[in-house]
Amino acid sequence: MYVGWSNDGEKLWEVGLELYPEDQDDWAFHAQEATTYSRNQVKL
């Protein structure tokens, strides 16, 4: 799970990624504005 700001810096997003070995496609399985829990897990 990654938490970071949008390109314009206005919204904080959380994105869940599943990362695979080389030669396989990675994919995002979850993306939404950051929840209160996610916001509390990162130092802003």
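Trainee: What makes strand 2 and strand 3 a pair in this predicted model?

Mentor: Pairing needs at least two bridges between the strands. Strand 2 and strand 3 are joined by six bridges and run antiparallel. So they count as paired. Within this pairing, G16 stands opposite H30 in strand 3.

Trainee: How do you know that strand 1 and strand 2 pair?

Mentor: By the bridge count again. Strand 1 and strand 2 share four bridges, in the antiparallel sense. The cut-off is at least two, so the pair qualifies. V3, for one, stands opposite E14 in strand 2.

Trainee: What lies between strand 1 and strand 2 in their hairpin?

Mentor: Six residues. Among them, G9 takes a positive phi near 75°. S6 is also placed in the loop between these strands.

Trainee: Why is the S6–D8 link called a polar contact?

Mentor: The two side chains come to 2.5 Å. The limit is 3.5 Å for a pair of N or O atoms, so the link meets it. Leaving aside neighbours within four places in sequence, S6 is in contact with K11 and W13.

Trainee: Why is the K11 and E33 pair called a salt bridge?

Mentor: Their closest N and O atoms are 3.6 Å apart. A lysine nitrogen must be within 4 Å of a carboxyl oxygen, so the pair passes. Side chains of opposite charge can pair when their charged atoms come close.

Trainee: How many salt bridges does a search of the whole structure find?

Mentor: One. K11 lies in the loop between strand 1 and strand 2, and E33 lies in strand 3, so the pair ties together parts that are 22 residues apart in sequence.

Trainee: What makes the nonpolar surface patch?

Mentor: Y2, L17 and L19 make it, with about 310 Å². L17 is found in strand 2, residues 12-18.

Trainee: How do you know that L17 is open enough to belong to a patch?

Mentor: Its relative accessibility is 35%. Patch residues need over 30%, so L17 clears the cut-off.

Trainee: Why is L17 called partly exposed?

Mentor: Exposed needs over 50%, and buried means under 20%. At 35%, L17 falls in between, so it counts as partly exposed.

Terms used:
Residues numbered from 1 in each chain as written. Predicted model: local features only at pLDDT ≥ 70, side-chain atom pairs only at ≥ 80, totals over all residues. Heavy atoms only, no water. Patch = residues over 30% accessible without salt bridge, like charges linked within 9 Å, V, L, I, M, F, W, Y side chains within 5 Å. Areas by Shrake-Rupley, 256 points an atom, 1.4 Å probe, with all protein chains shown as cover. Salt bridge = Lys/Arg side-chain N within 4 Å of Asp/Glu carboxyl O. Buried < 20%, exposed > 50% of the residue type's maximum accessible area, 1.4 Å probe, protein only. Polar contact = N/O pair within 3.5 Å; in protein donor to acceptor, adjacent residues only side chain to side chain. Contact = heavy atoms within 4.5 Å.
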